[in-house]
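I opened a new page for a structure I had not looked at before. The plan was to go from the overall fold to single residues.

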Amino acid sequence: MNHHHPANPISEKITPAARWATIACGWVVFAYAVGLTLEILGRKFFATSFKGIDELGGFVLAISAAIGASYAMAQRSHTRVDVFLVRLPAGLQRWLNTLAMLAFAGFSGFAVWRGVAVLRDTLEFGSSATNLEQPLWVPQALWVAGLALLAGISLAYALHAVFLLVTRRPELNAWYGPHSAKAELEEELANIHERGVEAEALPAVSRSH
């Protein structure tokens with residue numbers, strides 16, 4: 001019997017903020033890709049080079065990884081090994097899924113703690129990038145902000161999972177368990193259908209104007 005559960009209310013509140021942060025980060029990555037392309041062409045044809053392009057790439061990678069992990073968390077896209085989990089009783093799965101959320105929240109909280117320590121040291125010693133001559137606290141602050149976003153999302157999910165476990169809500173496994181292949185297929189088909197409906201609506205809107 002297939003039980004349909006409503007959307008996770010925590011995800012509905014969290015996903016828009018994580019999505020916009022990821023889109024902004026994507027534009028930064030695109031701008032860096034353009035700069036890197038110009039760097040390669042400059043070296044090849046004009047014997048010129050942009051100073052510090054490699055350092056800038058490291059900053060972009062660290063920040064985009066932290067923010068991307070936040071959006072992946074909101075979308076339940078992080079890899080989980082479920083070979084044995086799906087074969088266990090539903091009650092045991094509830095405990096393990098809650099433990100997984102708590103473990104991830106603990107990990108992300110530890111990452112923020114260490115990130116803040118690195119940022120504090122940078123501010124104390126006034127460190128700057130070697131080639132860019134840019135104060136390191138600027139990219140590091142953005143990196144820590146990305147880690148804080150991940151920690152906030154993880155903590156919200158962990159607390160919600162604990163609440164669902166204590167109150168014996170049946171949605172816990174559906175919301176915090178790993179995606180099944182069937183669920184992923186149904187979600188993708190729903191997204192395709194939604195995009196198709198939006199595409200069909202555009203000509204009608206254009207004609208009305």
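My entries follow, grouped by topic.

**Entry 1: the model and its elements**

I noted before anything else that this is a predicted model. I then looked up the secondary structure and found six helices and zero strands. Read from the N terminus on, the elements run α-α-α-α-α-α. I also looked up burial: of the 209 residues in the protein, 30% are buried.

**Entry 2: how H1 and H2 pack**

I turned to helix H1, residues 9–46, and helix H2, residues 53–74. Their axes are 8 Å apart, and the packing angle is about 155°. Because angles over 145 degrees count as roughly antiparallel, I wrote H1 down as roughly antiparallel to H2. The crossing of H1 and H2 is left-handed.

**Entry 3: how H2 and H4 pack**

Next I looked at H2 against helix H4, residues 137–166. Here the angle is about 15°, with the axes 9 Å apart. Angles under 35 degrees count as roughly parallel, so H2 is roughly parallel to H4. I looked up the hand as well: H2 and H4 cross in a left-handed way.

**Entry 4: a nonpolar patch**

Which residues make the nonpolar surface patch of about 920 Å²? I listed Trp27, Phe30, Val34, Leu38, Leu41, Phe45, Phe46 and Phe50. Leu38 sits in helix H1. Its relative accessibility is 47%, so Leu38 counts as partly exposed.

**Entry 5: salt bridges**

How many salt bridges does a search of the whole structure find? The search gives two.

I took the pair Arg43 and Glu39 to begin with. The closest N and O atoms of this salt bridge are 2.5 Å apart. Both residues belong to helix H1 and are four residues apart, so about one helical turn separates them. Is Arg43 buried or exposed? Arg43 counts as exposed because its relative accessibility is 54%, and the cut-off for exposed is over 50%. Glu39 has a relative accessible area of 3% and is therefore buried.

Arg169 has 31% relative accessibility and counts as partly exposed. Glu171 is buried, at a relative accessible area of 10%, since buried means under 20%.

**Entry 6: the loop between H1 and H2**

I looked up Ser49, which lies in the loop between H1 and H2. With a relative accessible area of 45%, Ser49 is partly exposed. I also checked its distance to Leu36. Ser49 and Leu36 are 13 residues apart in sequence, and their C-alpha atoms are 9.9 Å apart in space.

**Entry 7: the loop between H3 and H4**

Where is Leu136 found? Leu136 is in the loop between helix H3, residues 90–125, and H4. Is Leu136 buried or exposed? Its relative accessibility is 17%, so Leu136 counts as buried. Along the chain, Leu136 and Leu123 are 13 residues apart, and 8.3 Å separates their C-alpha atoms.

Arg76 has a phi near 55°, a positive value in a residue other than glycine. Arg76 lies in the loop between H2 and H3. With a relative accessible area of 27%, Arg76 is partly exposed.

Arg168 is not a glycine either, and its phi is positive at about 60°. I found Arg168 in the loop between H4 and helix H5, residues 171–176. Arg168 counts as exposed because its relative accessibility is 70%.

**Entry 8: what I kept**

The predicted model has six helices and zero strands. H1 is roughly antiparallel to H2, while H2 is roughly parallel to H4.

How values were computed:
Residues are numbered from 1 along each chain as its sequence is written. This is a predicted model: local features need pLDDT of at least 70, side-chain atom pairs count only at pLDDT 80 or more; totals for chains, interfaces and linings use all residues. Side-chain values use heavy atoms; hydrogens and water are left out. Patches are made of residues with over 30% relative accessible area and no salt bridge: like charges are joined within 9 Å, nonpolar side chains (Val, Leu, Ile, Met, Phe, Trp, Tyr) within 5 Å. Accessible areas come from the Shrake-Rupley method with a 1.4 Å probe; for residues, only the protein chains shown count as cover. A salt bridge is a side-chain nitrogen of Lys or Arg within 4 Å of a carboxyl oxygen of Asp or Glu. Helices (H or I, at least four residues) and strands (E, at least two) are DSSP runs, numbered from the N terminus. Buried means under 20% relative accessible area, exposed over 50%, partly exposed in between (1.4 Å probe, protein chains only). Axes are lines fitted to C-alpha atoms, for helices over the stretch in contact, and angles run from 0 to 180 degrees between N-to-C directions. Angles under 35 degrees count as roughly parallel, over 145 as roughly antiparallel, 65 to 115 as roughly perpendicular and the rest as oblique. A crossing is left-handed if the near helix is turned anticlockwise from the far one by less than a right angle, and right-handed if clockwise.
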